[in-house]
Amino acid sequence: ALRDIVHFAEETEFMTIAARPGDGKSSFLRFEAYQSALRGTPVLLFNLENDPMEYARHFIALHTGIDSARLKNPTVLTFDELSRVKQAGEELSGLPLKLITLASPSVHHIARIARRQVAEEKARLVMVDYLQLIRNGLENRVADISETTAILRGLALQMHTPVIAAAQLSREIERRGVSAEPQLADLRDSGSIE
């Protein structure tokens with residue numbers, strides 16, 4: 001169902017994908033970025049948390065079908081697998097997928113880069129992994145997140161390009177039990193994410 005939502009996102013849509021820590025938000029965004037780029041949609045993906053090599057391994061694993069854990073140690077790969085990895089690297093470099101890794105950026109910095117990428121590189125989908133790692137310098141965390149979501153929403157409207165951001169749920173949900181259904185109040189540092 002989520003794949004259908006992303007595939008049919010309207011050009012001015014701002015969407016948030018929220019889940020518990022470790023539930024696969026980053027993996028989901030990487031998968032959707034890869035699939036969109038394969039379909040020819042230029043994608044801009046902001047990585048605010050992970051090592052860029054993790055993204056590279058993930059994309060190579062998707063492209064080759066080789067388990068990403070095996071890609072961490074090339075000495076365990078067969079000659080055929082090494083050839084597939086090399087070919088995948090060449091093919092992936094031609095995809096319209098731009099990964100930008102930033103440490104604790106402000107939403108204004110992200111917006112400047114996104115506007116430039118949309119104008120110059122014709123990016124048609126912007127993804128942010130993940131929302132709560134953006135820091136705008138406001139002391140009140142809820143106000144800080146509110147500024148972030150307002151600017152990202154405005155960015156989608158101005159650029160006519162969907163913006164999809166991952167967001168973490170607070171650990172409060174875990175206190176309600178493993179099978180507890182998420183609620184809007186579970187969005188970490190929530191102010192206007194919902």
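The following legends describe close-up views of a predicted model.

**View 1. The aromatic cluster of Tyr34, Tyr55 and Phe59**.
A search of the whole structure finds two aromatic pairs. Tyr34 and Phe59 make up a stacked pair, with ring centres 6.4 Å apart and an angle of 25 degrees between the planes. Tyr34 belongs to helix 2 and Phe59 to helix 3 (residues 52-64), so this pair ties together parts that are 25 residues apart in sequence. Both Tyr34 and Phe59 are buried.

**View 2. The tilted pair of Tyr55 and Phe59**.
Here the distance is 6.4 Å centre to centre, and the planes of Tyr55 and Phe59 form an angle of 50 degrees. Tyr55 is buried, as is Phe59.

**View 3. Arg30 over the face of Tyr55**.
Arg30 is part of helix 2 (residues 25-38). The distance from Arg30 to the ring centre of Tyr55 is 4.8 Å. Is Arg30 buried or exposed? With a relative accessibility of 4%, Arg30 falls under the 20% cut-off and therefore counts as buried. Apart from neighbours within four places in sequence, Arg30 is in contact with Leu45, Asn50, Glu54, Tyr55, His58, Phe59 and Leu62. Two of these contacts, Tyr55 and Phe59, are also members of the aromatic cluster.

**View 4. The largest nonpolar core and the surroundings of Leu48**.
This core has 50 residues, of which Phe46, Leu48, Met127 and Leu152 touch the most other members. Helix 6 gives the most to the core, contributing six residues. In soluble globular proteins, nonpolar side chains tend to be buried together. When neighbours within four places in sequence are left aside, Leu48 contacts Leu102, Pro105, Ile110, Val128, Asp129, Tyr130, Leu133 and Ile134.

**View 5. Gln117 in helix 6**.
Helix 6 comprises residues 107-121, and Gln117 is located within this helix. Gln117 has a relative accessibility of 9% and therefore counts as buried. Which residues does Gln117 touch, not counting those up to four places away in sequence? They are Leu44, Lys98, Lys122 and Ala123.

Notes. Residues numbered from 1 in each chain as written. Predicted model: local features only at pLDDT ≥ 70, side-chain atom pairs only at ≥ 80, totals over all residues. Heavy atoms only, no water. Helix = DSSP H or I, 4+ residues; strand = E, 2+ residues; numbered from the N terminus. Buried < 20%, exposed > 50% of the residue type's maximum accessible area, 1.4 Å probe, protein only. Contact = heavy atoms within 4.5 Å. Core = buried A, V, L, I, M, F, W, Y, C linked by side-chain atoms within 4.5 Å. Phe/Tyr/Trp six-rings, centres within 6.5 Å; stacked < 30°, edge-to-face > 60°. Lys NZ or Arg CZ within 6 Å of the ring centre and 35° of its normal.
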